[in-house]
Amino acid sequence: MAKRRKFWAFMGILIFLLLNYPLLQIFNRDALLAGIPILVLYLHGVWIMAIIGLYGLSSRLTSRE
């Protein structure tokens, strides 16, 4: 049980750090990719990967119980 809590805490901290100021500033450029700002692509990418990762983790943890 403690291992699960540590992993959930790690995932929360990782998502928080990926959406925090220093990394956001790295991607906040005037460059466009397919007409979309890099920052918008980064935010959507992190958001989608967080949802997929947390869904996979939660389904794996509930299937074991």
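**Overall fold and surface features**

The model described here is a predicted one.

The dimensions of the protein were considered next. The radius of gyration is 15 Å, whereas a compact globule of 65 residues would have a value near 11 Å. Taken along the principal axes, the box filled by the C-alpha atoms is roughly 50 × 20 × 5 Å. Of the 65 residues, 11% count as buried, and the accessible surface of the protein comes to about 5300 Å², with 72% of this area belonging to carbon and sulfur atoms.

Part of that surface is a nonpolar patch formed by Trp47, Ile48, Met49, Ile51 and Ile52, which together have about 550 Å² of accessible area. Within this group, Ile51 is placed in helix 3, the helix that spans residues 38-64. Ile51 counts as partly exposed because its relative accessibility is 46%, a value that lies between the cut-offs of 20% for buried and 50% for exposed residues.

Although Ala34 is not a glycine, it has a positive phi of about 60°. The relative accessible area of Ala34 is 76%, and the residue is therefore classed as exposed, the cut-off for that class being over 50%.

Terms used. Residues are numbered from 1 along each chain as its sequence is written. This is a predicted model: local features need pLDDT of at least 70, side-chain atom pairs count only at pLDDT 80 or more; totals for chains, interfaces and linings use all residues. Side-chain values use heavy atoms; hydrogens and water are left out. Buried means under 20% relative accessible area, exposed over 50%, partly exposed in between (1.4 Å probe, protein chains only). The radius of gyration is taken over C-alpha atoms; the globule rule is 2.2 Å times the number of residues to the power 0.38. Accessible areas come from the Shrake-Rupley method with a 1.4 Å probe; for residues, only the protein chains shown count as cover. Patches are made of residues with over 30% relative accessible area and no salt bridge: like charges are joined within 9 Å, nonpolar side chains (Val, Leu, Ile, Met, Phe, Trp, Tyr) within 5 Å. A salt bridge is a side-chain nitrogen of Lys or Arg within 4 Å of a carboxyl oxygen of Asp or Glu. Helices (H or I, at least four residues) and strands (E, at least two) are DSSP runs, numbered from the N terminus.
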